[in-house]
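Here is a short report for a first look at this structure. Keep the sequence and the 3D view side by side as you read.

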Amino acid sequence: MAAKIAPQFQQLKVEGGSSTSVVFESFDLPSSNQKLLGAPHPPNTVIPLALRPSTHDDAAPSLEAAVATVMSLQAQGNILTKKLATHGTLLFRGLPIHSAEDFSKLAHAFGYSPHEIIGIVVDRPLLAPNVAPANEAPKEVLIYNHNESPQVPHAPEYIFFYSHRAPKEGGETPISSSLELFARAKQEIPDFIDLLAEKGIRSKVTYKVNAQHAGGSTLKQAFGKEIQEGDDAPIRKRKIEDQIKRYNRDEYTTWEWLDSDQTLVLTHHLPAIRTQPDTSLPTFFTGLAAYYKNFIAPSSPNAGRKNVTQQLFGDGTPIPNHYLEKLANITDEIRVLHKWQEGDVLVYDNLIAQHGRQPWKGEQGDRVVMASLWDAVAPGKFAGSEGGWAQVGKALS
(Lines give C-alpha, C1' and ligand atoms only; values in the text may rest on other atoms or scores of the structure.)
Protein backbone atom coordinates (compact mmCIF):
# COMPACT_ATOMS: atom_id res chain seq x y z
CA MET A 1 0.00 0.00 0.00
CA ALA A 2 1.36 3.41 -0.94
CA ALA A 3 2.07 5.96 1.73
CA LYS A 4 -0.86 8.34 2.45
CA ILE A 5 1.31 11.40 2.74
CA ALA A 6 0.18 13.42 -0.29
CA PRO A 7 3.62 14.57 -1.42
CA GLN A 8 3.68 17.08 -4.23
CA PHE A 9 4.08 15.39 -7.61
CA GLN A 10 7.38 16.31 -9.21
CA GLN A 11 8.57 15.94 -12.77
CA LEU A 12 12.20 16.57 -13.60
CA LYS A 13 12.88 17.07 -17.30
CA VAL A 14 15.43 18.77 -19.48
CA GLU A 15 14.38 22.11 -20.90
CA GLY A 16 14.13 21.79 -24.66
CA GLY A 17 14.95 18.08 -24.37
CA SER A 18 14.80 15.84 -27.42
CA SER A 19 12.40 12.95 -27.95
CA THR A 20 15.09 10.63 -26.58
CA SER A 21 15.32 12.46 -23.24
CA VAL A 22 14.27 10.74 -20.05
CA VAL A 23 11.82 12.41 -17.68
CA PHE A 24 12.08 11.57 -13.98
CA GLU A 25 8.67 11.47 -12.29
CA SER A 26 8.05 11.17 -8.56
CA PHE A 27 5.95 8.33 -7.18
CA ASP A 28 4.74 7.13 -3.78
CA LEU A 29 6.34 4.39 -1.72
CA PRO A 30 4.85 2.32 1.14
CA SER A 31 4.69 4.21 4.42
CA SER A 32 7.35 1.88 5.86
CA ASN A 33 9.69 3.17 3.16
CA GLN A 34 8.82 6.89 2.86
CA LYS A 35 7.73 9.62 5.29
CA LEU A 36 6.98 13.31 5.54
CA LEU A 37 9.87 15.15 7.10
CA GLY A 38 9.47 17.29 10.18
CA ALA A 39 10.97 20.70 10.93
CA PRO A 40 13.10 22.35 9.67
CA HIS A 41 12.20 20.81 6.30
CA PRO A 42 9.52 22.57 4.22
CA PRO A 43 5.96 21.18 4.55
CA ASN A 44 5.11 18.12 2.41
CA THR A 45 8.78 17.22 1.91
CA VAL A 46 9.28 13.47 1.71
CA ILE A 47 12.28 11.29 2.33
CA PRO A 48 13.28 9.71 0.08
CA LEU A 49 12.06 11.51 -3.03
CA ALA A 50 11.30 8.49 -5.25
CA LEU A 51 11.88 8.98 -8.99
CA ARG A 52 11.32 6.69 -11.96
CA PRO A 53 12.03 7.30 -15.63
CA SER A 54 9.57 7.80 -18.43
CA THR A 55 10.27 8.39 -22.11
CA HIS A 56 8.54 10.14 -24.98
CA ASP A 57 7.15 6.91 -26.42
CA ASP A 58 6.99 4.92 -23.15
CA ALA A 59 9.84 2.72 -24.35
CA ALA A 60 12.30 1.37 -21.80
CA PRO A 61 14.97 4.03 -21.22
CA SER A 62 18.53 3.30 -22.21
CA LEU A 63 21.37 3.84 -19.75
CA GLU A 64 22.91 6.34 -22.15
CA ALA A 65 19.71 8.40 -22.24
CA ALA A 66 19.36 8.32 -18.45
CA VAL A 67 22.98 9.39 -17.97
CA ALA A 68 22.58 12.20 -20.53
CA THR A 69 19.46 13.44 -18.75
CA VAL A 70 21.18 13.47 -15.36
CA MET A 71 24.05 15.45 -16.84
CA SER A 72 21.65 17.92 -18.48
CA LEU A 73 19.62 18.39 -15.28
CA GLN A 74 22.80 19.15 -13.39
CA ALA A 75 23.98 21.57 -16.09
CA GLN A 76 20.54 23.23 -15.92
CA GLY A 77 21.19 24.61 -12.45
CA ASN A 78 22.22 21.58 -10.39
CA ILE A 79 18.60 20.48 -10.20
CA LEU A 80 19.32 17.08 -8.66
CA THR A 81 21.78 18.54 -6.17
CA LYS A 82 19.11 21.00 -5.05
CA LYS A 83 16.59 18.19 -4.67
CA LEU A 84 19.11 16.37 -2.48
CA ALA A 85 19.58 19.49 -0.35
CA THR A 86 15.80 19.58 0.22
CA HIS A 87 14.91 15.89 0.58
CA GLY A 88 18.21 14.47 1.83
CA THR A 89 17.84 11.27 -0.19
CA LEU A 90 16.73 10.39 -3.73
CA LEU A 91 15.62 6.96 -4.93
CA PHE A 92 15.99 6.09 -8.61
CA ARG A 93 13.98 3.01 -9.58
CA GLY A 94 13.54 1.46 -13.01
CA LEU A 95 16.85 2.47 -14.54
CA PRO A 96 18.72 -0.10 -16.65
CA ILE A 97 21.57 -0.60 -14.20
CA HIS A 98 22.85 -4.16 -14.00
CA SER A 99 26.54 -3.91 -13.07
CA ALA A 100 29.20 -1.91 -11.25
CA GLU A 101 30.14 -0.31 -14.56
CA ASP A 102 26.55 0.84 -15.21
CA PHE A 103 26.32 2.21 -11.70
CA SER A 104 29.62 4.07 -12.10
CA LYS A 105 28.38 5.80 -15.26
CA LEU A 106 25.24 7.04 -13.52
CA ALA A 107 27.12 8.26 -10.45
CA HIS A 108 29.72 10.11 -12.54
CA ALA A 109 26.93 11.88 -14.43
CA PHE A 110 26.16 14.02 -11.35
CA GLY A 111 29.45 15.84 -11.85
CA TYR A 112 30.90 15.56 -8.34
CA SER A 113 34.54 14.92 -7.44
CA PRO A 114 35.47 11.37 -6.35
CA HIS A 115 36.03 11.07 -2.62
CA GLU A 116 39.25 9.58 -1.31
CA ILE A 117 38.77 7.81 2.01
CA ILE A 118 41.71 8.51 4.29
CA GLY A 119 41.73 6.20 7.27
CA ILE A 120 39.13 3.75 5.99
CA VAL A 121 37.92 1.27 8.63
CA VAL A 122 36.30 -1.24 6.26
CA ASP A 123 37.63 -3.16 3.27
CA ARG A 124 36.32 -1.70 -0.01
CA PRO A 125 38.06 -3.15 -3.07
CA LEU A 126 37.52 -1.26 -6.34
CA LEU A 127 34.89 -2.81 -8.64
CA ALA A 128 34.58 -0.03 -11.25
CA PRO A 129 35.66 3.64 -11.39
CA ASN A 130 34.83 5.04 -7.92
CA VAL A 131 32.64 2.03 -7.09
CA ALA A 132 33.29 -0.44 -4.27
CA PRO A 133 31.25 -2.84 -2.16
CA ALA A 134 29.27 -1.26 0.65
CA ASN A 135 30.13 -2.49 4.15
CA GLU A 136 30.48 -6.27 3.86
CA ALA A 137 30.29 -7.12 7.56
CA PRO A 138 28.55 -10.44 8.31
CA LYS A 139 24.80 -10.45 7.67
CA GLU A 140 23.96 -10.70 11.37
CA VAL A 141 25.68 -7.39 12.12
CA LEU A 142 23.52 -4.30 12.66
CA ILE A 143 24.92 -1.08 11.20
CA TYR A 144 22.69 1.58 12.72
CA ASN A 145 21.90 5.02 11.27
CA HIS A 146 24.92 7.28 10.85
CA ASN A 147 26.45 9.83 8.53
CA GLU A 148 29.30 8.39 6.51
CA SER A 149 32.75 8.80 8.12
CA PRO A 150 31.75 10.86 11.19
CA GLN A 151 34.75 9.52 13.09
CA VAL A 152 37.34 11.18 10.80
CA PRO A 153 37.81 14.80 9.64
CA HIS A 154 37.41 14.20 5.89
CA ALA A 155 33.96 12.86 5.02
CA PRO A 156 32.18 12.58 1.63
CA GLU A 157 29.37 14.95 0.72
CA TYR A 158 27.37 12.49 -1.40
CA ILE A 159 26.90 8.72 -1.19
CA PHE A 160 25.39 6.52 -3.90
CA PHE A 161 24.17 2.98 -3.22
CA TYR A 162 23.15 0.45 -5.87
CA SER A 163 21.31 -2.81 -5.17
CA HIS A 164 22.77 -5.54 -7.35
CA ARG A 165 21.10 -8.32 -5.36
CA ALA A 166 18.36 -7.93 -2.74
CA PRO A 167 17.54 -10.43 0.05
CA LYS A 168 14.00 -11.70 0.50
CA GLU A 169 13.89 -10.84 4.19
CA GLY A 170 15.74 -8.03 5.95
CA GLY A 171 18.79 -6.17 4.71
CA GLU A 172 16.99 -2.83 4.45
CA THR A 173 18.91 0.43 4.30
CA PRO A 174 17.66 3.00 6.84
CA ILE A 175 17.03 6.59 5.79
CA SER A 176 16.68 9.53 8.18
CA SER A 177 17.25 13.29 8.26
CA SER A 178 20.16 14.75 10.22
CA LEU A 179 18.42 18.14 10.13
CA GLU A 180 15.30 16.69 11.73
CA LEU A 181 17.42 14.75 14.23
CA PHE A 182 19.12 17.96 15.37
CA ALA A 183 15.81 19.82 15.68
CA ARG A 184 14.27 17.03 17.76
CA ALA A 185 17.35 16.67 19.96
CA LYS A 186 17.53 20.43 20.51
CA GLN A 187 13.95 20.30 21.74
CA GLU A 188 14.09 17.11 23.81
CA ILE A 189 17.69 16.98 25.13
CA PRO A 190 18.89 20.61 24.88
CA ASP A 191 21.56 20.14 27.55
CA PHE A 192 23.18 17.44 25.41
CA ILE A 193 23.19 19.75 22.39
CA ASP A 194 24.76 22.50 24.49
CA LEU A 195 27.51 20.13 25.67
CA LEU A 196 28.24 18.97 22.13
CA ALA A 197 28.34 22.55 20.87
CA GLU A 198 30.76 23.51 23.63
CA LYS A 199 33.00 20.45 23.64
CA GLY A 200 32.59 18.61 20.37
CA ILE A 201 33.53 14.96 20.06
CA ARG A 202 36.78 13.14 20.74
CA SER A 203 36.88 10.21 18.35
CA LYS A 204 39.54 7.56 18.95
CA VAL A 205 40.02 5.14 16.07
CA THR A 206 42.27 2.08 16.33
CA TYR A 207 44.04 0.59 13.31
CA LYS A 208 46.10 -2.58 13.28
CA VAL A 209 48.41 -4.30 10.82
CA ASN A 210 45.81 -7.05 10.40
CA ALA A 211 42.04 -6.62 10.04
CA GLN A 212 40.33 -6.51 13.43
CA HIS A 213 37.03 -8.09 12.29
CA ALA A 214 35.44 -9.57 9.18
CA GLY A 215 35.10 -6.87 6.54
CA GLY A 216 37.45 -4.52 8.40
CA SER A 217 40.47 -2.74 6.94
CA THR A 218 44.15 -3.17 7.65
CA LEU A 219 46.54 -0.36 8.58
CA LYS A 220 47.98 -0.46 5.07
CA GLN A 221 44.52 -0.15 3.51
CA ALA A 222 43.77 2.80 5.76
CA PHE A 223 46.94 4.86 5.27
CA GLY A 224 49.36 2.90 3.11
CA LYS A 225 48.63 4.13 -0.41
CA GLU A 226 52.26 5.26 -0.91
CA ILE A 227 53.87 2.16 0.61
CA GLN A 228 55.92 0.16 -1.89
CA GLU A 229 57.18 -3.40 -1.83
CA GLY A 230 60.59 -3.34 -0.18
CA ASP A 231 59.99 -0.31 2.07
CA ASP A 232 61.56 -0.91 5.47
CA ALA A 233 59.70 -0.32 8.73
CA PRO A 234 60.80 3.32 9.30
CA ILE A 235 59.83 4.28 5.74
CA ARG A 236 56.45 2.56 6.03
CA LYS A 237 55.81 4.38 9.30
CA ARG A 238 56.75 7.76 7.79
CA LYS A 239 54.52 7.21 4.77
CA ILE A 240 51.58 6.34 7.02
CA GLU A 241 52.12 9.47 9.10
CA ASP A 242 52.36 11.58 5.93
CA GLN A 243 48.88 10.37 5.01
CA ILE A 244 47.54 11.30 8.44
CA LYS A 245 48.96 14.81 8.04
CA ARG A 246 46.80 15.25 4.93
CA TYR A 247 43.85 15.73 7.28
CA ASN A 248 45.43 19.16 7.88
CA ARG A 249 44.08 19.36 11.43
CA ASP A 250 47.24 20.28 13.36
CA GLU A 251 46.68 19.65 17.08
CA TYR A 252 43.11 18.45 16.52
CA THR A 253 44.32 15.14 15.09
CA THR A 254 47.00 13.29 17.03
CA TRP A 255 48.28 9.72 16.92
CA GLU A 256 50.11 7.15 18.99
CA TRP A 257 51.95 3.98 17.96
CA LEU A 258 51.56 0.93 20.20
CA ASP A 259 52.58 -2.75 20.23
CA SER A 260 55.95 -2.17 18.55
CA ASP A 261 54.27 -0.12 15.80
CA GLN A 262 51.71 -2.84 15.07
CA THR A 263 48.83 -0.68 16.34
CA LEU A 264 48.03 2.94 15.52
CA VAL A 265 45.51 4.97 17.57
CA LEU A 266 44.27 8.23 16.08
CA THR A 267 42.44 10.82 18.17
CA HIS A 268 40.32 13.43 16.38
CA HIS A 269 38.62 16.43 18.01
CA LEU A 270 35.59 16.95 15.76
CA PRO A 271 32.27 18.76 15.63
CA ALA A 272 29.13 16.64 15.88
CA ILE A 273 27.09 19.69 14.82
CA ARG A 274 27.78 21.18 11.40
CA THR A 275 25.78 23.44 9.12
CA GLN A 276 24.27 22.96 5.69
CA PRO A 277 25.73 25.24 3.01
CA ASP A 278 23.34 27.92 1.67
CA THR A 279 20.76 27.48 4.46
CA SER A 280 23.22 27.44 7.43
CA LEU A 281 20.79 25.06 9.15
CA PRO A 282 22.45 22.99 11.93
CA THR A 283 22.74 19.28 11.20
CA PHE A 284 23.66 16.41 13.50
CA PHE A 285 26.63 14.89 11.67
CA THR A 286 27.33 11.91 13.85
CA GLY A 287 27.48 8.20 14.47
CA LEU A 288 26.59 8.52 18.15
CA ALA A 289 23.24 6.72 17.90
CA ALA A 290 25.00 3.96 15.96
CA TYR A 291 27.74 3.84 18.58
CA TYR A 292 25.04 3.17 21.16
CA LYS A 293 22.87 0.77 19.14
CA ASN A 294 25.75 -1.19 17.66
CA PHE A 295 27.84 -1.68 20.77
CA ILE A 296 26.29 -0.37 24.01
CA ALA A 297 22.55 -1.06 24.03
CA PRO A 298 21.59 -4.26 25.91
CA SER A 299 19.62 -5.40 22.85
CA SER A 300 22.50 -4.94 20.41
CA PRO A 301 22.86 -7.93 18.06
CA ASN A 302 26.57 -7.19 17.71
CA ALA A 303 27.69 -8.85 20.93
CA GLY A 304 31.30 -9.89 20.66
CA ARG A 305 32.06 -7.70 17.64
CA LYS A 306 35.08 -5.50 18.20
CA ASN A 307 34.44 -1.75 18.18
CA VAL A 308 37.41 0.08 16.66
CA THR A 309 36.06 3.56 17.49
CA GLN A 310 35.59 5.17 20.89
CA GLN A 311 33.39 8.26 21.22
CA LEU A 312 33.87 10.78 24.05
CA PHE A 313 33.16 14.44 24.61
CA GLY A 314 35.88 16.63 23.15
CA ASP A 315 37.44 17.18 26.59
CA GLY A 316 37.87 13.43 27.03
CA THR A 317 34.97 12.91 29.46
CA PRO A 318 32.50 10.07 28.82
CA ILE A 319 29.17 10.73 27.12
CA PRO A 320 26.39 9.51 29.47
CA ASN A 321 24.51 6.58 27.99
CA HIS A 322 21.11 8.17 28.63
CA TYR A 323 21.92 10.86 26.06
CA LEU A 324 22.94 8.26 23.51
CA GLU A 325 19.86 6.15 24.20
CA LYS A 326 17.59 9.17 23.73
CA LEU A 327 19.32 10.03 20.46
CA ALA A 328 18.76 6.47 19.26
CA ASN A 329 15.10 6.58 20.30
CA ILE A 330 14.54 9.77 18.31
CA THR A 331 16.27 8.18 15.33
CA ASP A 332 13.97 5.16 15.58
CA GLU A 333 10.99 7.51 15.39
CA ILE A 334 12.12 9.55 12.38
CA ARG A 335 13.69 6.91 10.14
CA VAL A 336 12.28 4.65 7.45
CA LEU A 337 13.73 1.37 6.18
CA HIS A 338 14.30 1.15 2.45
CA LYS A 339 13.26 -2.26 1.13
CA TRP A 340 15.55 -2.83 -1.81
CA GLN A 341 14.53 -3.90 -5.30
CA GLU A 342 17.31 -5.01 -7.60
CA GLY A 343 18.52 -2.10 -9.68
CA ASP A 344 17.52 0.56 -7.12
CA VAL A 345 19.90 3.47 -6.63
CA LEU A 346 19.77 5.56 -3.45
CA VAL A 347 21.61 8.89 -3.39
CA TYR A 348 22.28 10.56 -0.03
CA ASP A 349 23.35 14.08 0.80
CA ASN A 350 25.64 12.78 3.52
CA LEU A 351 25.65 16.06 5.43
CA ILE A 352 21.90 16.00 6.08
CA ALA A 353 20.86 12.34 5.74
CA GLN A 354 21.87 9.18 7.58
CA HIS A 355 22.04 5.59 6.38
CA GLY A 356 22.81 2.15 7.81
CA ARG A 357 22.18 -1.55 7.24
CA GLN A 358 19.74 -3.99 8.79
CA PRO A 359 20.64 -7.66 9.32
CA TRP A 360 19.07 -10.18 6.91
CA LYS A 361 18.18 -13.84 6.72
CA GLY A 362 19.53 -16.25 4.17
CA GLU A 363 23.05 -16.31 2.79
CA GLN A 364 25.69 -13.57 2.98
CA GLY A 365 25.63 -13.27 -0.81
CA ASP A 366 21.87 -12.70 -0.93
CA ARG A 367 22.50 -8.99 -0.46
CA VAL A 368 24.93 -7.20 -2.76
CA VAL A 369 25.00 -3.42 -2.46
CA MET A 370 27.68 -1.25 -4.05
CA ALA A 371 28.71 2.24 -2.97
CA SER A 372 30.20 5.31 -4.60
CA LEU A 373 31.44 8.29 -2.55
CA TRP A 374 31.81 11.88 -3.77
CA ASP A 375 32.97 15.33 -2.62
CA ALA A 376 31.49 18.76 -3.16
CA VAL A 377 31.18 21.70 -0.73
CA ALA A 378 32.56 21.36 2.80
CA PRO A 379 30.06 21.82 5.65
CA GLY A 380 29.93 25.05 7.61
CA LYS A 381 30.89 25.69 11.22
CA PHE A 382 28.12 25.74 13.83
CA ALA A 383 27.74 29.22 15.30
CA GLY A 384 27.41 27.80 18.80
CA SER A 385 30.88 26.20 18.75
CA GLU A 386 34.18 27.99 19.30
CA GLY A 387 37.67 26.82 18.44
CA GLY A 388 39.46 25.47 15.41
CA TRP A 389 38.23 21.93 16.09
CA ALA A 390 34.70 23.00 15.08
CA GLN A 391 35.58 23.53 11.40
CA VAL A 392 36.27 20.66 9.03
CA GLY A 393 37.32 20.84 5.41
CA LYS A 394 38.80 18.89 2.57
CA ALA A 395 41.97 16.89 2.99
CA LEU A 396 45.20 18.03 1.39
CA SER A 397 45.85 16.52 -2.03
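The sections below cover a pair of helices, a capped helix and a sheet.

## The model

This is a predicted model.

## Helix 1 against helix 3

Two packed helices are described by the angle between their axes and the distance between the axes. Helix 1 spans residues 63–75, and helix 3 spans residues 100–108. They pack at an angle of about 25°. Their axes are 8 Å apart. Angles under 35 degrees count as roughly parallel, so helix 1 is roughly parallel to helix 3.

Which residues make the contact? Helix 1 supplies Leu-63, Val-67 and Val-70. Helix 3 supplies Asp-102, Lys-105 and Leu-106. By type, the residues of this contact divide into 4 nonpolar, no polar and 2 charged.

## Helix 4 and its cap

Helix 4 covers residues 178–188. Its buried residues are Ser-178, Leu-179, Glu-180, Leu-181, Phe-182, Arg-184 and Ala-185.

Ser-177 caps the N-terminal end of this helix. A side-chain oxygen of Ser-177 lies 3.2 Å from the backbone nitrogen of Leu-179. Leu-179 is also one of the buried residues of helix 4.

How many bridges join strand 9 and strand 20? These two strands pair in the antiparallel sense over 2 bridges. Strand 20 runs over residues 353–357. In strand 20, His-355 is the bridge partner of His-146.

How values were computed. Residues numbered from 1 in each chain as written. Predicted model: local features only at pLDDT ≥ 70, side-chain atom pairs only at ≥ 80, totals over all residues. Heavy atoms only, no water. Buried < 20%, exposed > 50% of the residue type's maximum accessible area, 1.4 Å probe, protein only. Helix = DSSP H or I, 4+ residues; strand = E, 2+ residues; numbered from the N terminus. Polar contact = N/O pair within 3.5 Å; in protein donor to acceptor, adjacent residues only side chain to side chain. Pairing = 2+ DSSP bridges. Axes fitted to C-alpha atoms, helices over the stretch in contact; angles between N-to-C directions. Parallel < 35°, antiparallel > 145°, perpendicular 65-115°, else oblique. Contact = heavy atoms within 4.5 Å. Nonpolar A, V, L, I, M, F, W, Y, C, P; charged D, E, K, R; others polar.
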